[in-house]
Amino acid sequence: MTNNDILRRIRYVFDFNDSKMIAIFGLTDHQVTRAQISDWLKKDDDPAYQKCSDTHLAIFLNGLINDKRGKKEGAQPEPEKRLTNNIIFMKLKIALNLKAEDVLEIMDLADLSISKHELSAFFRRPGHKHYRDCKNQILRNFLRGMQLKYRPGTELEAGFKWK
């Protein structure tokens with residue numbers, strides 16, 4: 001999955017408009033323009049399409065955490081320069097204040113059953129012996145489950161190729 005695809009899906013799930021997207025970036029004291037947002041959200045074959053960097057997606061996800069959970073006092077966390085699916089998954093879990101059972105429930109909505117042990121492996125440190133890479137299929141199904149939970153009835157109109 002590309003960063004742009006993840007950004008598009010999150011925007012769709014929560015029905016964010018351009019102003020809300022700009023405001024979310026602003027919650028991390030980072031300014032973006034409406035043109036940047038627009039170019040990141042365009043389809044890959046559009047001539048105006050711009051690739052969303054790992055840093056920009058990390059900034060957005062940090063802003064989403066601030067938006068959903070409230071901004072912490074003091075210095076804001078530095079955005080990652082390199083994102084993995086595991087980090088993206090963790091940031092979404094934090095933003096939505098989800099417990100393991102909640103995540104498993106969301107995965108079940110997308111018809112993907114995994115155990116609590118498999119799930120916890122995605123959130124471990126990379127050097128841990130039980131760490132497991134989060135593959136695109138897992139993240140894609142989590143985003144699909146989020147759509148089914150937070151924006152029910154929109155499955156057919158989304159236009160995403162989920163599988």
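Start by selecting D54, which sits in helix α4. Keep in mind as you click that you're looking at a predicted model. Is D54 buried or exposed? Its relative accessible area is 15%, and the cut-off for buried is under 20%, so D54 counts as buried. Now show its side chain and look for partners. If you leave aside neighbours within four places in sequence, the residues in contact with D54 are N3, E80, K81, R82 and L83.

**Next stop: Q76**

Select Q76, in the loop between α4 and α5 (residues 85–95). Q76 is in a loop, yet it is buried, with a relative accessible area of 19%. What does its side chain make a polar contact with? Zoom in and you'll find the side chain of N66, 2.9 Å away. The Q76 side chain also gets to the backbone oxygen of K72, at 3.3 Å. Colour L27, D29, N66 and K71 too: Q76 touches these, not counting residues up to four places away in sequence.

**Into the pockets**

Rolling a probe the size of a water molecule over the atoms shows where empty space is left. The largest pocket has a volume of about 430 Å³. Its lining is made of 20 residues, and nearest the centre are N62, I65, N66, Q76 and P77. The elements that give two or more residues to this lining are α4 and α5. Which element supplies the largest share? That is α4, with 5 residues. Colour the lining by type and you get 8 nonpolar, 6 polar and 6 charged residues.

Now go to the second largest pocket, with about 210 Å³ of space. To see its lining, select T84, N86, I87, M90, F122, F123, R124, R125, P126 and Y131. Here the largest share, 3 residues, comes from α5. By type, this lining splits into 6 nonpolar, 2 polar and 2 charged residues.

Select helix α3, residues 34–41, and pick out its buried residues: I37, W40 and L41. What covers them? Bring in α1 (3–14), α2 (18–26) and α4 (54–69), which are part of the cover.

Hop over to α2. The buried residues in this helix are D18, M21, I24 and F25. Look down the axis again: they span an arc of only 120 degrees, which puts them on the same side of α2. The cover over them includes α1, α3 and α4. Before moving on, check the start of α2, where a side-chain oxygen of N17 comes to within 3.2 Å of the backbone nitrogen of S19.

Most residues other than glycine have a negative phi, and most peptide bonds are trans. With that in mind, select D15, in the loop between α1 and α2. Phi of D15 is near 55 degrees, a positive value in a residue that isn't glycine. D15 is exposed, with a relative accessible area of 54%.

Then select D29, in the loop between α2 and α3. Is D29 buried or exposed? At 59% relative accessibility, D29 counts as exposed.

**Last stop: N136**

Finally, select N136 in helix α8 (residues 136–150). N136 is partly exposed, with a relative accessible area of 32%. Which residues does N136 touch, if you don't count those up to four places away in sequence? They are M1 and N85. Look closely at M1: its backbone nitrogen lies 3.1 Å from a polar atom of the N136 side chain. To finish, try the distance tool between the C-alpha atoms of N136 and Y49. These two residues are 87 residues apart along the chain, and their C-alpha atoms are separated by 22 Å.

Note on methods:
Residues are numbered from 1 along each chain as its sequence is written. This is a predicted model: local features need pLDDT of at least 70, side-chain atom pairs count only at pLDDT 80 or more; totals for chains, interfaces and linings use all residues. Side-chain values use heavy atoms; hydrogens and water are left out. Buried means under 20% relative accessible area, exposed over 50%, partly exposed in between (1.4 Å probe, protein chains only). Helices (H or I, at least four residues) and strands (E, at least two) are DSSP runs, numbered from the N terminus. Contact means heavy atoms within 4.5 Å. A polar contact is a pair of N or O atoms within 3.5 Å; within protein, one must be able to donate a hydrogen and the other to accept it, and residues adjacent in sequence count only if both atoms are side-chain atoms. On a 1 Å grid over the protein atoms alone, a cavity is a set of points where a 1.4 Å probe fits but cannot get out, and a pocket is an open set with protein on both sides within 12 Å along at least five of seven lines; lining residues have an atom within 4 Å of a point. Grid points are joined across faces, edges and corners, and a volume is the space filled by probe spheres set on the points. Ala, Val, Leu, Ile, Met, Phe, Trp, Tyr, Cys and Pro count as nonpolar, Asp, Glu, Lys and Arg as charged, and the others, Gly among them, as polar. The arc is that of the directions from the helix axis to the C-beta atoms.
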